[in-house]
Amino acid sequence: NAQDRQALMKWLESLHCIDLNNSGKRNSFANTEMRKLNATHIFDLPLAKDNGIDLDGFTSGLQKVADDEYVGNANLIDQSKRLHDIYSGKKNSNAGTYCLLHGDFYPGSFLSNDKTGVKIIDPEFAFWGPAEFDLGVFAAHCCFCGIILEEIDTTLASYGRHFDRKLALAFAGIELIRRLLGVAQLPLPADTTLAMKEEWLKQGKEWLMNC
C-alpha cells in the first residue's frame, strides 16, 4: 500500500545517507564477486542470443516476443551495457548519485505485518553504488504489483535525496526485462498472461531507451 511504499522510501533514504566518505569504509562494501554475479544476470544474459533460457517454459509465446524485439537488439544491449558500467562504477562521472545501497531492494527483501510494519532483510548484495539502482529496482517491482505509473512517480518523489529520475527508470526498465526474459523469474500469479508480460516488457524498453 501507499503507506508501506513511503516507509520503504524513507528507510532507503536513511540508508543512502550513511556517510562512507572514508575510502576504507567504502572499500569494505565493494562486494565485488556478488556484484559481478548479479550484473551478469541483470545486464548480460537476458538480452543475449543463445542464452539457454527456455522462455516458453514459463509462458507460451514469450520466446517469440523475446526473439523478435529484445534478444540481440543492439540498441537495448548498448543501453544495458551503459547501465552495467554505471552499476559497476566504471562510469561514475555525472552519472548517478553514489552511496551505500541495499542492492536487492524488491519485495522478496521485505517483511511486513500489522504490528511492526515493513522491515527490510537480505543485505548480502549491499555495495557502494548509484542510488538510482535501488530506486529503479523498487520502481520495476511496483509495476509488477500493478501500481500505476502516476503512483510510482509519487512514491519516487517521496525519496528525499537528489537523484536522476531518468537513470532510475532506466534501471527499472532493465529490471523489468531481466525478470521476464532472464533466469531470475518471479513467482508471478498463475493467471499472468503473455499480453501482461508484453506490456511490462514494452514499459521496460521505453524506460531503458529514454535515458
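The largest pocket of this predicted model is lined by Asn1, Asp4, Arg5, Leu8, Pro107, Phe110, Val118, Phe138, His141, Cys142, Cys145 and Ile147 (a pocket is an open set of points on a 1 Å grid over the protein atoms alone, where a 1.4 Å probe fits, with protein on both sides within 12 Å along at least five of seven lines; lining residues have an atom within 4 Å of a point).

Residues are numbered from 1 along each chain as its sequence is written. Local features need pLDDT of at least 70, side-chain atom pairs count only at pLDDT 80 or more, and totals for chains, interfaces and linings use all residues, while side-chain values use heavy atoms, without hydrogens and water.

The count of aromatic pairs is 12 (rings of Phe, Tyr and Trp, the latter by its six-membered ring, with centres within 6.5 Å; planes under 30 degrees apart are stacked, over 60 edge-to-face, the rest tilted). Trp11 and Phe105 are stacked, at 5.9 Å centre to centre and 10° between the planes. Trp11 lies in helix H1 and Phe105 in the loop between strand E1 (98–101) and strand E2 (110–113), so the pair ties together parts 94 residues apart in sequence. Phe105 is buried, at 0% relative accessible area (buried means under 20%, exposed over 50%, partly exposed in between, with a 1.4 Å probe and protein chains only). Tyr87 and Phe133 are edge-to-face, because their ring centres lie 4.9 Å apart with planes at 65°.

Conventions: Helix = DSSP H or I, 4+ residues; strand = E, 2+ residues; numbered from the N terminus.
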